[in-house]
Amino acid sequence: MKVGLQTQILPAGEAAVAAAARILAAGGLVAFPTETVYGLGADATNAAAIASLYQAKGRPAFNPLIAHVGDLAAARRIARFDAAALALAAAFWPGPLTLVLPKAPGCAVADLMTAGLETIAVRIPAHPVARDILRAFGGPVAAPSANLSGHVSPTTAAHVASDLSGRIDLIVDGGAVAVGVESTIVGCFDQPMLLRPGGLPRAEIERVLGRALLAPPDDADSDSEQPLAPGMLASHYAPRARVRLDAVSLEPGEALLAFGSDAMAGIDAAAAVMNLSPRGDIDEAAANLFGHLRALDSKGVGTIAVMPVPEQGLGEAINDRLRRAAVGRP
Ligand code: TXA
Ligand code: MG
């Protein structure tokens with residue numbers, strides 16, 4: 001692990017993009033904004049760089065990463081696209097969608113990045129800073145969310161710094177991200193399968209496919225030895241505090257994570273209150289989710305009570321992350 005590294009923080013711009021490309025080419029680690037969450041980038045073809053990335057995050061090495069590329073031609077050099085995958089790429093890239101596909105013959109990505117799987121996760125991000133860095137670097141960039149393994153994903157450069165300062169080379173600060181939850185992951189196997197709900201709502205994907213996305217097999221997402229989306233461990237998004245879901249009233253000393261009107265019994269004695277979206281807007285709630293969880297958790301409260309969030313649109317991803325947060329740490 002590169003503990004003791006001096007982590008540079010640069011505002012997004014030409015100098016930061018050039019520094020990012022230079023550091024990636026030298027095998028270093030660069031955090032940068034995408035439209036979903038901040039990613040921690042490394043050269044996807046450099047096994048040593050990937051190894052140091054796993055170490056900087058404290059991430060178990062069996063958990064494969066997403067290869068970020070700048071365009072479809074670059075994606076097709078590392079992954080095999082069937083008709084459904086091409087339709088999804090045409091409709092949603094660049095954007096908050098990751099496709100899991102068979103590796104292309106001669107795929108240059110390090111085995112460590114795919115954790116030895118025959119499949120590879122690929123995404124073309126939409127954030128202009130991410131796109132500039134990918135263009136300047138010129139190759140695939142492995143980028144998990146830029147947080148310590150088990151923490152909630154970072155939506156600002158300050159979140160990245162609080163987890164990874166001293167462990168990575170550079171943080172490119174592009175401000176708060178727009179979407180706020182990680183990309184939706186679709187496995188393009190015989191039939192497209194929703195591996196992780198995320199920043200692209202299921203309904204939009206199903207509209208393009210003309211059919212429903214399959215659900216992963218029951219044992220695939222949490223405790224099995226070889227989960228289909230291995231990062232979807234039940235406790236992946238755990239804050240320190242206990243998380244209590246579907247709160248309709250507050251116990252003394254609890255903090256409240258509200259959605260819509262927070263009028264409820266016990267609110268006057270709340271340790272803290274933060275609202276995902278006072279006007280009940282689901283996209284705004286997604287953008288605020290991880291920042292609000294971090295802020296409430298940093299107050300040292302015992303329990304964060306969370307109001308119900310509707311399952312529509314990005315609500316599916318929000319509720320998925322909240323359920324995982326409620327499981328607690330191993
Ligand atoms: O929005 C995002 O997707 C962000 C930004 C930075 O792009 N990235 C992100 O990466 O959330 P990460 O590493 O936190 O989550 C990647 C997920 C993990 O659950 C991992 O198990 C899954 O993708 N994954 C990667 N390769 C896979 C593969 N070949 N098969 C199945 N799942 C895979
Ligand atoms: Mg992550």
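Contact here means heavy atoms within 4.5 Å. This cut-off decides what counts as cover for the buried residues of helix H1 in the predicted model.

H1 covers residues 14-25. The helix has 12 residues and reaches 17 Å from its first C-alpha to its last. That span is close to the 16 Å expected at 1.5 Å a residue. Buried positions in H1 are Ala-16, Val-17, Ala-19, Ala-20, Ala-21, Ile-23 and Leu-24. An α-helix has 3.6 residues a turn, so residues three or four places apart point the same way. The cover over the buried residues of H1 includes strands S1 (8-11), S2 (30-33) and S3 (38-43). Helix H5 (128-137) also contributes, as do strands S7 (141-142) and S8 (170-173). Just after H1, the backbone at Gly-27 adopts a positive phi of about 90°.

The protein as a whole contains nine helices and 14 strands. Its C-alpha trace spans about 60 × 50 × 35 Å along the principal axes. The radius of gyration is 19 Å; a compact globule with 330 residues would have a value near 20 Å, so the two agree. Of the 330 residues, 57% count as buried. Contacts also reach across the sequence. Among those between residues at least 6 apart, 66% join residues at least 24 apart. The accessible surface comes to about 13200 Å². Carbon and sulfur atoms account for 53% of that area.

Aromatic pairing was searched over the whole structure, and one pair was found. Phe-81 and Trp-93 form this pair in an edge-to-face arrangement. The ring centres lie 6.0 Å apart, with 75° between the planes. Planes over 60 degrees apart count as edge-to-face, so the pair falls in that class. Phe-81 sits in the loop between helix H3 (72-78) and helix H4 (83-92), while Trp-93 sits in the loop between H4 and strand S5 (97-102). The pair therefore ties together parts that are 12 residues apart in sequence. Both Phe-81 and Trp-93 are buried.

Confidence in the prediction was also examined. The protein averages a pLDDT of 92, and 92% of the residues score at least 70. Over residues 219-227, however, the pLDDT is below 50. Beyond near neighbours in sequence, this stretch has 10 contacts in the model.

Notes. Residues are numbered from 1 along each chain as its sequence is written. Chains are lettered from A and ligands numbered from 1 in the order in which they are written. This is a predicted model: local features need pLDDT of at least 70, side-chain atom pairs count only at pLDDT 80 or more; totals for chains, interfaces and linings use all residues. Side-chain values use heavy atoms; hydrogens and water are left out. Helices (H or I, at least four residues) and strands (E, at least two) are DSSP runs, numbered from the N terminus. The expected span of a helix is 1.5 Å times one less than its number of residues. Buried means under 20% relative accessible area, exposed over 50%, partly exposed in between (1.4 Å probe, protein chains only). pLDDT is the predictor's confidence in each residue, from 0 to 100. The radius of gyration is taken over C-alpha atoms; the globule rule is 2.2 Å times the number of residues to the power 0.38. Accessible areas come from the Shrake-Rupley method with a 1.4 Å probe; for residues, only the protein chains shown count as cover. Rings of Phe, Tyr and Trp (its six-membered ring) pair if their centres lie within 6.5 Å; planes under 30 degrees apart count as stacked, over 60 as edge-to-face and the rest as tilted.
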